[in-house]
Amino acid sequence: MQPQIRSLISDKLRQKISHANNVLVMTGAGVSAESGVPTFRGGGNTTVWKGLPFEVISSAGMLERDLPAVWEWFNYRRGLLAALKPNPAHEAIARWQKLFSDFTLVTQNIDGLHQAAGSRNVVELHGNIWRARCFDCGSRHDVRELKFDNSVPVCFDCGGNLRPDVVLFGEMLPAGAFETAAMKAQTCELCFVVGTSAVVYPAASIPEIARAAGAYLVEVNPEATPLSRLCDELLTGKAGEILPRLER
Ligand code: BV8
């Protein structure tokens, strides 16, 4: 069935929203775009760092080769993020957790803006830029409490080197995160995919799982993506404008 490409909300979607109990929202960098966070593939200024493409500097190989460079890259991004605030899209999604009896938010984002907007129990598939993890003892630390007196922060507990608690390319997702998201995708009636180019796996398989299990799949994005052909509806536009309208 050709997805309805409309910026207005269809009667069918209104009806789905008013009757749904199990709802899953999956977000990508686009949900944070209106907060000023550059996207990765829209040409944002985080796509290249010191001549290295994003997929290279944010990779397991780079972490092995040059941990200080990876810290420098994440310190730079945290610097960009520090002053940014959630936008109406994050705020709408945070309100939705009270609107539906079984609501799940899955994000690929590491910026923490969903939590800042009030979302709880966020399934973070790719970790969180505000956390660090010890290579040796695995303990997690709030980056804001770390001392960067040398280029690599060390663990308070065991003195081991810390790394960003973020999933890099070529790394497994945090234990349980993908499984939780996939399980919720299998049981949701309504699945919104907001602001993702749907090219990074295994995250991009979550909406595919929802669709295969019979969920009504809605994409919110100014552009078409490889997922669009699977969707029942495409809400073409910015998340910060569309999501608050969905509530009304
Ligand atoms: C894995 C954290 C198993 C880091 C990220 C070779 C070796 C190993 C693996 C692979 C390989 N080749 C391919 C793979 C798989 C790889 C992958 O999928 N690569 C892609 C690029 C092809 N995946 C992995 O490596 C994953 N792990 O496979 O483990 C394994 C393990 C070992 C060995 C083999 C296999 C790990 C992937 C996680 C990587 N980490 N982030 C960091 O941030 O530095 S991924 C990164 O991309 C971000 O997390 C981001 O969230 C994610 C997806 O990007 P999007 O969120 O979609 O953002 P994007 O900019 O692309 O798009 C923005 C969208 O928003 C656009 O559509 C735009 O139109 C829209 N938009 C713009 N404005 C708005 C808007 N929408 C709404 N409103 C607006 N206002």
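**Ligand and domains**

Biologist: Which residue has a polar backbone atom 3.1 Å from an oxygen atom of the ligand?

Modeller: This is a predicted model, where local features need pLDDT of at least 70, side-chain atom pairs count only at pLDDT 80 or more, and totals for chains, interfaces and linings use all residues. Residues are numbered from 1 along each chain as its sequence is written, and side-chain values use heavy atoms, without hydrogens and water. At 3.1 Å from that ligand oxygen, the backbone atom belongs to Gln108.

Biologist: How much of the ligand does the protein bury?

Modeller: Alone, the ligand exposes 1500 Å² (Shrake-Rupley method, 1.4 Å probe). The buried part of that is 76%.

Biologist: Which residue places a polar side-chain atom 2.8 Å from a nitrogen atom of the ligand?

Modeller: A backbone N or O atom of Gly170 lies 2.8 Å from a ligand oxygen atom. For the ligand nitrogen, the side chain is that of Glu34.

Biologist: What distance separates the centres of domain 1 and domain 2?

Modeller: The assignment, automatic or from a database, gives domain 1 as 4-36 + 85-126 + 172-246 and domain 2 as 47-83 + 133-166. Taken over C-alpha atoms, their centres are separated by 28 Å.

Biologist: How many salt bridges are there between domain 1 and domain 2?

Modeller: The two domains bury about 380 Å² between them, 63% of it on carbon and sulfur atoms (accessible area lost on being put together, 1.4 Å probe, summed over both). For salt bridges (side-chain nitrogen of Lys or Arg within 4 Å of a carboxyl oxygen of Asp or Glu), the count between domain 1 and domain 2 is zero.

Key: A polar contact is a pair of N or O atoms within 3.5 Å; within protein, one must be able to donate a hydrogen and the other to accept it, and residues adjacent in sequence count only if both atoms are side-chain atoms.
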